[in-house]
Amino acid sequence: KKKKPCSLFYNICTGLVLGAIGIVLIVTPCSLSLGVVFNLSPVLLLLTGLYFGLIPTTIALIVICTGTIFLKSPDSVLEMTGIITSGITGILWHHFKPDWQIKKVILQLAGLGIFVAVVMFTGSFFFLNGLLSNTIRFLFFPILLIFPMALILVGKYMIHLNNSLVHNDSNNLNVEQWLFALEGSGEGVWEWTPQTNDVIYSKQWKLMLGYTENEFKNS
């Protein structure tokens, strides 16, 4: 019961931080061609949904949508469609396919990117009227290419980062278990690194000589 408030607080903070990053992406869009810009906030939201789930993504979605409305971007309809579609798609994929990182990651990310791009433009076509042909020419095909590529690059990097963190946690846990077992057996050990001349004595080693852990220096 004590962990739930902390988890909720963490999710809320994560959503607020990612939402703030999304606002930054909106005000600093990428230029695709003369007069055509594209912001990466939908990419951020889709990855947020995939990795963090419902609460952080919903909060980030609200923050980014609010920022988009407040900024009154000329492409706000297109951006809002992409933002909402990306967030919902990420949340649903995270919920119904929680093991998505196990296999065919690149194909999944590319497919999700293409799906979001198509839905984003399909929804916005109803509001663009005469600008439809220009939109297809200047935005649809570049974004159809860029969106999946951005998802693949950032998504693979996040998977690599997550795997590294899990590997380090696993190594730390194994070391802690080994030290716990060693201390519990009553054995005292020391380790000397000749290359750096550093030495470490275990707590039990010091106790066997009549010292407390802080009385004996590692020298």
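Colleague: Starting with α3, what span should its 18 residues have, and what are the end C-alpha atoms apart?
Modeller: At 1.5 Å a residue, the 18 residues of α3 should span 26 Å. The end C-alpha atoms of α3 are 25 Å apart, which agrees. Bear in mind that this is a predicted model.

Colleague: Which residues of α3 are buried?
Modeller: They are P56, T57, I59, A60, L61, I64, C65, G67 and T68.

Colleague: Take T68 from that list. What is its relative accessible area?
Modeller: It is 1%, and T68 counts as buried because the cut-off is under 20%. T68 sits in α3, which covers residues 54-71.

Colleague: And what lies 2.8 Å from a polar atom of the T68 side chain?
Modeller: The backbone oxygen of I64. I64 is also among the buried residues of α3.

Colleague: Is C65 buried or exposed?
Modeller: C65 is buried, at 12% relative accessibility. Another cysteine, C13, is partly exposed, with a relative accessible area of 30%.

Colleague: Changing topic, how many aromatic pairs are there?
Modeller: Two. In one of them, the rings of Y51 and W100 have their centres 5.4 Å apart and their planes at 80°.

Colleague: Why is that pair edge-to-face?
Modeller: Because the planes are at 80°, and over 60 degrees counts as edge-to-face. The pair links distant parts of the chain, since Y51 is in helix α2 and W100 is in the loop between α4 and α5, 49 residues apart.

Colleague: Are those two buried or exposed?
Modeller: Y51 and W100 are buried.

Colleague: What about the rest of α2, how many of its residues are buried?
Modeller: 11 of the 12, so α2 is largely enclosed by the rest of the structure. Among them are S41, P42, V43, T48 and G49, as well as Y51.

Colleague: How far does α2 reach from its first C-alpha to its last?
Modeller: It reaches 16 Å, close to the 16 Å expected at 1.5 Å a residue. After α2 comes G53, which has a positive phi near 90°.

Colleague: On to the strands. In which sense do β3 and β4 pair?
Modeller: Antiparallel, over four bridges, with β3 at residues 190-193 and β4 at residues 198-201.

Colleague: Which residues is G188 in contact with, leaving aside neighbours within four places in sequence?
Modeller: S202, Q204, W205 and M208. Between G188 and K203, the C-alpha to C-alpha distance is 7.3 Å, with 15 residues separating them in sequence.

Colleague: Last one, on the whole protein. How many helices and strands?
Modeller: Seven helices and four strands. Along the sequence the pattern reads α-β-β-α-α-α-α-α-β-β-α. Of the 219 residues, 34% count as buried. Among contacts with a separation of 6 or more, 58% are between residues 24 or more positions apart.

Note on methods: Residues numbered from 1 in each chain as written. Predicted model: local features only at pLDDT ≥ 70, side-chain atom pairs only at ≥ 80, totals over all residues. Heavy atoms only, no water. Buried < 20%, exposed > 50% of the residue type's maximum accessible area, 1.4 Å probe, protein only. Phe/Tyr/Trp six-rings, centres within 6.5 Å; stacked < 30°, edge-to-face > 60°. Helix = DSSP H or I, 4+ residues; strand = E, 2+ residues; numbered from the N terminus. Expected span 1.5 Å × (residues − 1). Pairing = 2+ DSSP bridges. Polar contact = N/O pair within 3.5 Å; in protein donor to acceptor, adjacent residues only side chain to side chain. Contact = heavy atoms within 4.5 Å.
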